[in-house]
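Please open the model in your viewer and keep the selection tool at hand. This tour goes from one stop to the next, saying what to select and what is there.

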Amino acid sequence: MKHLWFALGIMILLFAVCIGSFYLLQAKTQQTLLFLEQAQAAAEREDRASALRRSAEAQRAWEENEGFIDIVMSHEETDDIHREFSDLMVYAETGKREEFLSSCAKLLAMVEHLTEMERPIWRNLL
């Protein structure tokens with residue numbers, strides 16, 4: 001009986017860690033998502049300077065939290081996001097509006113997908 005309670009305690013602890021990492025990951029990616037949405041809106045208004053500034057802020061916010069994100073996520077996903085940020089900055093600096101908007105939308109989807117992968121639902125836990 002002691003083993004059953006011990007196993008149940010470990011399972012509850014792991015579930016709590018899973019929920020905690022999800023909410024922490026969500027909090028750490030919110031600022032990046034906000035800056036990316038602002039950059040996308042600026043590019044749609046054809047405000048190149050603001051789009052470049054917001055893109056740089058999004059990249060900086062991502063890099064500030066990249067250490068924690070690498071701990072809880074696969075490096076493959078974070079490496080893809082890092083490469084996409086490089087492409088985004090090139091598009092912002094060269095003024096390629098359509099490519100910038102496409103890259104921005106792709107980055108938004110990739111960063112949002114990270115939190116979706118960590119959402120504490122049964123299919124993710126199993």
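Which side chain is joined to that of threonine 78 by a polar contact? Before you select anything, note that this is a predicted model, in which local features need pLDDT of at least 70 and side-chain atom pairs count only at pLDDT 80 or more, while totals for chains, interfaces and linings use all residues. Residues are numbered from 1 along each chain as its sequence is written, and side-chain values use heavy atoms, with hydrogens and water left out.

**First stop: threonine 78**

Select threonine 78, which lies in helix H3; helices here are DSSP runs (H or I, at least four residues), numbered from the N terminus. The partner asked about above is aspartate 70, whose side chain makes a polar contact of 2.7 Å with the side chain of threonine 78. A polar contact is a pair of N or O atoms within 3.5 Å; within protein, one must be able to donate a hydrogen and the other to accept it, and residues adjacent in sequence count only if both atoms are side-chain atoms. Threonine 78 has a relative accessible area of 0% and is therefore buried, where buried means under 20% relative accessible area, exposed over 50% and partly exposed in between (1.4 Å probe, protein chains only). If residues up to four places away in sequence are not counted, threonine 78 touches Trp62, Glu66, Ile69, Asp70 and Met73, contact meaning heavy atoms within 4.5 Å.

**Second stop: helices H2 and H3**

Now show H2 and H3 together, and look along their axes, which come within 10 Å and cross at roughly 165 degrees. Axes are lines fitted to C-alpha atoms, for helices over the stretch in contact, and angles run from 0 to 180 degrees between N-to-C directions. H2 and H3 are therefore roughly antiparallel to each other, a description used for angles over 145 degrees. Among the residues that make this contact are Trp62, Glu66 and Asp70 of H2, together with Thr78, Ile81 and Phe85 of H3.

Next, select Leu36, Trp62, Ile81, Phe85, Leu88 and Phe100, the residues with the most contacts inside the largest nonpolar core, which has 25 residues. Such a core is a set of buried Ala, Val, Leu, Ile, Met, Phe, Trp, Tyr and Cys residues joined through side-chain atoms within 4.5 Å. Helices H1 (2–44), H2 (48–72), H3 (75–94) and H4 (97–118) each supply at least two residues of this core, and H4 gives the most, with eight residues. Stay with leucine 36, which touches Ala58, Phe85, Leu88, Cys104, Leu107 and Leu108, residues up to four places away in sequence not being counted.

Then move to glutamate 44 in helix H1, which counts as partly exposed at 48% relative accessibility. Glutamate 44 is in contact with Arg97 and Leu101, again leaving aside its neighbours within four places in sequence.

Notes:
Angles under 35 degrees count as roughly parallel, over 145 as roughly antiparallel, 65 to 115 as roughly perpendicular and the rest as oblique.
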